[in-house]
Amino acid sequence: MAADSEAISYSIVIPVFNEEAVLPVLLRRVDLLLARLDEPSEAIFVDDGSSDSSPVVLQALAKRDPRFRYLGLSRNFGHQIAITAGMDAAQGKAIVVMDADLQDPPEIVEQLIAKWKEGYDVVYARRLSRAGESRFKRATAHLFYRMLGSMSSVGIPADVGDFRLIDRKVLDALRQMPEQDRFVRGMIAWLGFRQTEVTFHRLERAAGETKYPLFKMARLAMNAALGFSDAPLRLAIWCGLAVSGLALLYGGWVLALWMSNDSHLVAGWSSTIVVVSLLCGMNMLMTGIVGLYVGRIHAEVKRRPLYVVQKRLGFGRAQAAPAHPAIHAVNE
């Protein structure tokens, strides 16, 4: 169905970073999805600083097909920022976010829309299985979601990525949240609204290589933990209290030896080094945890734009500026 820029109902936001290998299959399946939808729709491809031929393919598609839009960022800002940029540009009444690697099947979007029509404001896709992933990745993902659920004061659904549908009013609320280190799925969970799920079996990546290696997954996990929990700070306090208590007990034991004129009172060099090293190590650990929070505060107070748009194609009308200082568009 051709997209009417004045009355778009569904916006499909797809962040792309060096996905030339998977684009032919992705574009064909998204094209079929848009053709099946019952109301005007758009697909927004957010190029997150790709260095392959992905921008060329997507720009050509946006020029010839009015249903497709291209949003090119000036450099690689990261997956969560690319999602934010796409949602800021979306015009639909319902906004769907999905990955470009086809591990999020486009066909599931119709199930998300069906739940939205029942009156739900957020419909997220829960993974029943994760094909093509190592045991290590599955185990660490399982551990991450369980730990985050126990640490966070917000109920963040387990085994759920960024593949979801949100209503326009949820997006409007989300755009009032200006934080720099973003964990979008947690931010949406924090907003509340009426939420439900659709389950699916996650497939293997259709082509290309994963854009979320271990270090990026670790960074995302850290953003989630620091952004939605003060547990690390509370851990620092309890560890400090525990070490201080042990030091007092040790001091009492030494005092008792001194009062009894025990011949073993003379402390050896090794024990001194062990105690000093332990206390120094704990101090460095606690300082590091506090430093992470201070670093996040520093990033927030600079108030830099979240991203810079280098090129926009296929957008029929000017987009409303986000409530937070997020866009610095050039070459529109």
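The expected span of a helix is 1.5 Å times one less than its number of residues. The exercises below apply to a predicted model.

**Exercise 1. Compare the span of helix α1 with the expected value, and find where its buried residues lie.**

Solution. 
- Step 1. Helix α1 has 14 residues. From first C-alpha to last, α1 reaches 20 Å, close to the 20 Å expected at 1.5 Å a residue.
- Step 2. List the buried residues of α1: L23, L26, L27, V30, L33 and L34.
- Step 3. Recall the helical repeat. An α-helix has 3.6 residues a turn, so residues three or four places apart point the same way.
- Step 4. Look down the axis of α1. The buried residues fall within an arc of 125°, so they line one face of the helix.
- Step 5. Identify the cover. Elements over the buried residues of α1 include β1 (10-16), β2, α2 (54-64), β3 and α4 (109-117).

**Exercise 2. Classify the aromatic pairs F45–F68 and F163–F200.**

Solution. 
- Step 1. A pair of aromatic rings is described by the distance of the centres and the angle of the planes.
- Step 2. The model has three aromatic pairs. In one of them, F45 and F68 lie 6.0 Å centre to centre with 20° between the planes. Planes under 30 degrees apart count as stacked, and this pair is stacked.
- Step 3. F45 is in strand β2 (residues 41-47) and F68 in strand β3 (residues 68-73). They are 23 residues apart, and the pair links distant parts of the chain.
- Step 4. Check burial. The cut-off for buried is under 20% relative accessible area. F45 is at 1%, so it is buried. F68 is at 2%, so it is buried too.
- Step 5. Turn to F163 and F200. Their ring centres are 5.7 Å apart and their planes stand at 90°, so this pair is edge-to-face.
- Step 6. F163 lies in strand β6 (residues 160-167) and F200 in strand β7 (residues 195-202), so the pair ties together parts 37 residues apart in sequence. Both F163 and F200 are buried.

**Exercise 3. Find the arginines that sit over aromatic rings at Y120 and F315.**

Solution. 
- Step 1. At Y120, the charged end of R194 sits over the ring, 4.2 Å from its centre.
- Step 2. At F315, R312 lies over the face, 4.6 Å from the ring centre.

**Exercise 4. Locate F193, decide whether it is buried or partly exposed, and name its contacts.**

Solution. 
- Step 1. F193 is in the loop between α7 (184-191) and β7.
- Step 2. The relative accessible area of F193 is 37%, so F193 is partly exposed.
- Step 3. Leaving out residues up to four places away in sequence, F193 touches D121, K169, V170 and A173.
- Step 4. F193 and D167 are 26 residues apart in sequence; their C-alpha atoms are 9.6 Å apart.

Notes: Residues numbered from 1 in each chain as written. Predicted model: local features only at pLDDT ≥ 70, side-chain atom pairs only at ≥ 80, totals over all residues. Heavy atoms only, no water. Phe/Tyr/Trp six-rings, centres within 6.5 Å; stacked < 30°, edge-to-face > 60°. Helix = DSSP H or I, 4+ residues; strand = E, 2+ residues; numbered from the N terminus. Buried < 20%, exposed > 50% of the residue type's maximum accessible area, 1.4 Å probe, protein only. Lys NZ or Arg CZ within 6 Å of the ring centre and 35° of its normal. Arc of directions from axis to C-beta. Contact = heavy atoms within 4.5 Å.
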